[in-house]
Amino acid sequence: MPLHEQEQVLAYNGEVLIFQLLGPKHVEGAAGKTTNLSVRRMAFDRDTKLFIQKSSGVFSIHGNPLEAEMICCSCATDSRSGLILPCVLLKKKKRKNVLKYLVLLLHSSNQFEQCFHFKLDYELKDDVRLFAGPSVLWRHANRLFHISRDACAVRSAPLQLSSVVWAGETPDEGLLVLGVRAACLSEREDEPELSTSDGAIWGTEFFVYAIETQKIITGISFMPHAYSRVVSSVCVCKKEVLRKQLRISLVAVTHKNQLIWFQDGLPKGVCELPYEKPCSIKTAVTTSNNLLFIVSFASGNTCAIWRDSFQVVSKWQKVNSVLVDDFVGYGTEQMLLLFKDDSCADVLSTFRITDFGEINYASGINYKDDTPMAEGLPENSLLTVQALETRLQAGYTSIRELQHHLRLKKKVILESCRALIDLVQERSHILPSAKKVKFRRECRGLVSLWDDTENLLHSLNKEAAMTAKVPEHFIEKLWQRIVDDRLIVGVKLTESFNLSLSDVSLSLVMDPDLTSISLIECQNKIITLNKAFSALAISSCQMEPPPKKMKLDIDSKNDLEKDLHNRGLKNQLDGERTFIAVTSLSPLLAFHSVHCMVLLHAKKEKHQRDYLQKSKKIALLCGKILLNLEDISRGKYSVKMLRDNSYCTGSLEDILAVLAASIRFSFQIVSSDYTLTPINSWLQEEMECTPFKECHNNLFCQRVGNLHGTIFNWTQKSSFEGVLTLFCRNGTVLFQCLHSLARVLPPSSDIKLLRSGSKDRLTDQLARALENEVLISRNSFSSRENEVEKSGTWGKRTSKKISDAPVASFLDSKEGVQQFRKKLHHEREESVLCMNQTVNGALYQKITLKMAEAQLHSDMIVWRLS
């Protein structure tokens with residue numbers, strides 16, 4: 001390379017450093033010539049929008065100028081002071097087969113310092129890099145070599161490698177080198193089976209070599225081995241050590257003209273590059289903390305890619321070099337593109353500074369001429385904003401009219417569906433009359449299409465009319481989510497919907513071609529989350545205990561169990577009531593697009609004074625859902641659990657969907673010898689759990705794989721006892737969690753599966769249930785005694801009992817003894833009558849049902865405790 005072409009540029013503290021080798025004209029036969037390494041510090045002037053020279057410096061090298069060469073320059077940390085200084089690596093030929101390399105540091109006074117030198121019998125060509133110390137790293141003959149100022153001898157790494165794709169520093173391991181080598185199929189136990197098999201398939205593998213500790217680490221945490229044949233360069237964006245494991249976020253360019261984003265060894269995104277043969281990557285943090293990837297190509301082309309969209313934002317051709325720094329003093333980084341210009345020898349003659357935001361400067365533009373044009377911008381901007389506001393207001397008015405029209409259409413459809421449901425259930429449907437609509441125009445906005453007559457209204461059944469009186473807006477929200485292979489549909493009722501409902505369920509009615517209606521089989525669940533979000537509870541079809549031998553017929557027994565179950569749910573649902581239907585998604589995808597009507601079925605309870613009347617069945621239309629493959633492919637209905645400041649943030653519907661698709665398991669963990677403190681670290685570190693923002697006790701598993709989406713709840717009663725609740729998708733996930741938990745628990749720990757909740761909670765429920773039994777029994781007999789006394793069915797009592805009169809007065813004579821016997825016989829008959837009183841059937845049925853309900857409830861809790 002000619003001496004005048006040996007020029008390199010470097011960005012340092014917002015300045016551009018231009019290094020160039022200069023020397024006197026060479027004359028044949030001349031000796032004792034010197035070579036000068038000059039540096040010019042160039043800074044960007046905001047006024048002229050040009051680079052101006054601030055200072056310069058020179059370093060003289062003795063020897064033939066034609067035999068000197070500048071290998072590379074970079075910024076490196078000086079190990080003595082900790083300052084980051086520009087560093088230059090020079091080469092000069094000393095004898096026939098000996099090459100001398102000099103490592104120089106440039107100080108703020110523009111003085112060069114020769115840190116150290118070393119000699120080699122070959123040229124440095126492959127993967128030459130400068131690092132802190134300063135130190136030099138290079139590759140030669142498939143071997144890795146390095147030298148530093150502290151250890152002035154050249155050292156080699158005990159391994160073979162074909163290329164170096166990245167080298168950088170970490171706080172724990174020091175300087176790390178990511179390289180590619182032939183697959184080493186060793187049988188060591190500490191190496192994962194996946195990396196071994198993957199390397200056997202591809203023949204090459206990634207490896208990480210620590211220079212200071214001389215350790216060889218598997219490169220699977222960076223990238224899969226399958227990419228080892230195509231990746232040419234890597235830029236690490238973030239690296240940290242978590243739980244003694246290296247976590248890496250990086251981008252890599254491949255020979256296939258792709259830019260791939262990797263997170264913890266897994267590919268997360270790919271971008272097709274516009275040019276061929278990419279060779280290097282740089283990053284820039286622009287305004288608003290936006291990350292920008294800059295890819296340079298061997299042909300001299302360059303492109304920029306946003307991290308958020310992972311799309312090419314701009315591209316340039318004939319680029320000499322790309323620098324990243326804060327050149328304009330704005331506080332964020334910008335790109336400096338230096339273009340090739342054959343007509344000018346100055347490297348800064350043609351340039352461009354940009355951050356794709358507010359900063360955009362280019363050479364050859366007179367920015368002063370643009371200033372007068374900007375004076376009229378405020379007035380023009382005001383007129384433009386006013387015109388845009390007018391158009392926006394007109395568009396908003398049109399949208400409101402369309403929304404009103406759509407609401408009317410929806411009401412017509414809902415009324416038609418109610419009429420269809422009443423027709424199917426053989427009930428008479430009440431049409432809204434024109435007179436009522438006049439007073440409820442804003443509420444309903446519907447007019448009957450038939451002529452209503454008073455005779456028709458009088459002929460309707462009053463009981464059916466009472467059943468049809470349902471609030472118009474009884475649904476607060478209708479939503480749908482997709483979790484794995486299941487479709488979850490949720491209906492949340494409003495608090496104003498105060499009907500006494502029991503046996504509530506949801507059904508999905510599919511209408512694929514508007515000619516036939518089919519019913520979708522689904523499982524119903526009721527999930528409640530209290531306002532404080534301090535507890536999670538799921539109510540569904542739970543396993544029942546063995547049947548009791550009770551003198552109840554089958555129908556009454558089933559009704560009684562359903563009534564008991566739903567009354568318990570009713571107490572839990574005070575304030576918020578959410579009903580959920582879960583069905584399989586695979587059969588629905590065969591239709592490509594599915595329209596489903598959501599119906600809510602329930603029984604409206606009616607109570608009379610002395611007995612329970614048969615409940616009336618009702619069916620309410622909650623709305624319609626649309627499901628198609630396009631929305632599913634875009635992830636429109638997917639659950640989105642994000643991490644925000646060490647918390648898991650997700651909508652309430654997402655949380656309910658995960659709970660509905662999960663199976664709940666509760667385990668009581670008791671350790672007699674050791675404390676249970678390892679469970680918290682196990683949840684946070686190994687399971688990678690993140691607490692919900694609303695409640696820190698409930699943790700969402702962010703671990704990649706089958707365990708992702710599992711919800712944990714750890715309640716520690718004491719240092720030696722606690723209850724762990726898991727919400728898993730299937731049994732396989734449960735066994736994985738238990739297998740991982742068993743490794744961190746003390747050996748003497750005891751794990752017991754709880755059928756429903758913790759033991760103390762069930763014990764408290766059993767105490768309240770037994771107390772309820774006693775109260776029902778006492779109140780029932782007390783009410784019966786009062787009723788008998790009022791009715792007088794016990795007969796007239798004697799005004800004076802035998803015990804009230806002196807007994808000795810009856811025993812004085814024979815007549816007194818006979819009278820005493822008669823009174824005693826009479827009182828005995830009254831006692832027999834008191835013990836053999838009868839009650840009517842309605843009252844007896846009411847008392848029996850209450851007692852049976854309380855006994856079943858207490859028996860259920862006893863069975864769960866057993």
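This is a predicted model: local features need pLDDT of at least 70, side-chain atom pairs count only at pLDDT 80 or more; totals for chains, interfaces and linings use all residues.

Colleague: Start with secondary structure. How many helices and strands are there in the chain?

Modeller: The chain has 15 helices and 45 strands.

Colleague: And what share of the residues counts as buried?

Modeller: 40% of the 866 residues in the chain.

Colleague: What about the surface, how much of the accessible area belongs to carbon and sulfur atoms?

Modeller: Carbon and sulfur atoms hold 52% of it, and the accessible surface of the chain comes to about 49900 Å².

Colleague: Contacts next. Of those between residues at least 6 apart in sequence, what fraction joins residues at least 24 apart?

Modeller: That fraction is 54%.

Colleague: OK, cores. Which residues touch the most other members in the largest nonpolar core?

Modeller: Phe19, Leu37, Leu89, Phe118, Val136 and Trp138 do, in a core of 40 residues.

Colleague: Which strand gives the most to this core?

Modeller: Strand β7, residues 99–106, with seven residues.

Colleague: Now the backbone. Where is the cis peptide bond between a glycine and a proline?

Modeller: The cis bond joins glycine 133 and proline 134, with omega at about 0°. Proline 134 sits in the loop between β9 (126–131) and β10 (135–140).

Colleague: Which alanine has a positive phi?

Modeller: Alanine 141, with phi at about 55°, although this residue is not a glycine. Alanine 141 is in the loop between β10 and β11 (143–148).

Colleague: Is alanine 141 buried or exposed?

Modeller: Alanine 141 is exposed, since its relative accessible area is 57% and the cut-off for exposed is over 50%.

Colleague: What about lysine 277, what is its phi?

Modeller: Lysine 277 has a positive phi of about 60°, and it is not a glycine either. The loop between β20 (266–272) and β21 (278–285) holds lysine 277.

Colleague: And is lysine 277 buried or exposed?

Modeller: Lysine 277 is exposed, with a relative accessible area of 62%.

How values were computed:
Residues are numbered from 1 along each chain as its sequence is written. Side-chain values use heavy atoms; hydrogens and water are left out. Helices (H or I, at least four residues) and strands (E, at least two) are DSSP runs, numbered from the N terminus. Buried means under 20% relative accessible area, exposed over 50%, partly exposed in between (1.4 Å probe, protein chains only). Contact means heavy atoms within 4.5 Å. Accessible areas come from the Shrake-Rupley method with a 1.4 Å probe; for residues, only the protein chains shown count as cover. A nonpolar core is a set of buried Ala, Val, Leu, Ile, Met, Phe, Trp, Tyr and Cys residues joined through side-chain atoms within 4.5 Å.
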